[in-house]
Amino acid sequence: MKKYVFVIMLASFFLTACTSGKTESFPPRGYSAEVAEVTVIREKQMFALGFSMKVLLDGEVIARLKAGQYMTFYADPGVRSIGIPDSSVSAALEAGRRHYFLIKADSSQFGFEIERISDGKAEFWMNQSTPLE
């Protein structure tokens, strides 16, 4: 009996780890001149290819991205925290402006970090990625 419970729990973990998409906390607003546009891109790499990565806005999970996906959302301007578990960037988001962040593999114990990137780098990474639906 314990063996079956363990197998069910393990299967549930893997199914959850592989899903991507928006959560209930995803910012609901659309574009306007009063908000900042934020795009988070997850690079496509072999390491942890099948697992989704939680994306956080001010410490709250708003979405999960698989390798090679990106998402765009709109947030109120001001200093906001954009991150993943164990790594975040505090950024001054400006209204009416686009802000880009890249989730990439690193050599830390966790294995991933997030960094702010330029428009040019964002265009390069987005051309290699698919949008989160």
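In this predicted model, the largest nonpolar core comprises 23 residues, and those with the most contacts inside it are Val 40, Ile 62, Met 71, Phe 73, Ile 82, Phe 101 and Ile 103. At least two residues of this core are supplied by each of the strands β2 (36-42), β3 (53-57), β4 (60-65), β5 (69-75), β6 (78-84), β7 (87-93), β8 (98-105) and β9 (112-117). Apart from this core lies another one, of seven residues, among them Ile 41, Leu 102, Ala 122 and Trp 125. In soluble globular proteins, nonpolar side chains tend to be buried together. When residues up to four places away in sequence are not counted, the contacts of Ile 62 include Val 55, Leu 57, Met 71 and Phe 73, as well as Lys 22 and Pro 27.

Five strands form an open sheet of mixed pairing, in the order β9-β8-β2-β5-β10. Because β9 and β10 (130-131) stand at the edges, each with a single partner strand, one side of each is left without a neighbour in the sheet. The strands β8 and β9 run antiparallel and are joined by six bridges, and Arg 116 in β9 is the bridge partner of Phe 101.

Ser 87, which is found in strand β7, is buried, because its relative accessible area of 16% falls under the 20% cut-off. Beyond residues up to four places away in sequence, Ser 87 touches Phe 112, Glu 113 and Ile 114, and a polar atom of the Ser 87 side chain lies 3.3 Å from the backbone nitrogen of Ile 114. Ser 87 and Ile 103, which are 16 residues apart in sequence, are separated by 9.6 Å in space, C-alpha to C-alpha.

Terms used:
Residues numbered from 1 in each chain as written. Predicted model: local features only at pLDDT ≥ 70, side-chain atom pairs only at ≥ 80, totals over all residues. Heavy atoms only, no water. Core = buried A, V, L, I, M, F, W, Y, C linked by side-chain atoms within 4.5 Å. Buried < 20%, exposed > 50% of the residue type's maximum accessible area, 1.4 Å probe, protein only. Helix = DSSP H or I, 4+ residues; strand = E, 2+ residues; numbered from the N terminus. Contact = heavy atoms within 4.5 Å. Polar contact = N/O pair within 3.5 Å; in protein donor to acceptor, adjacent residues only side chain to side chain. Pairing = 2+ DSSP bridges.
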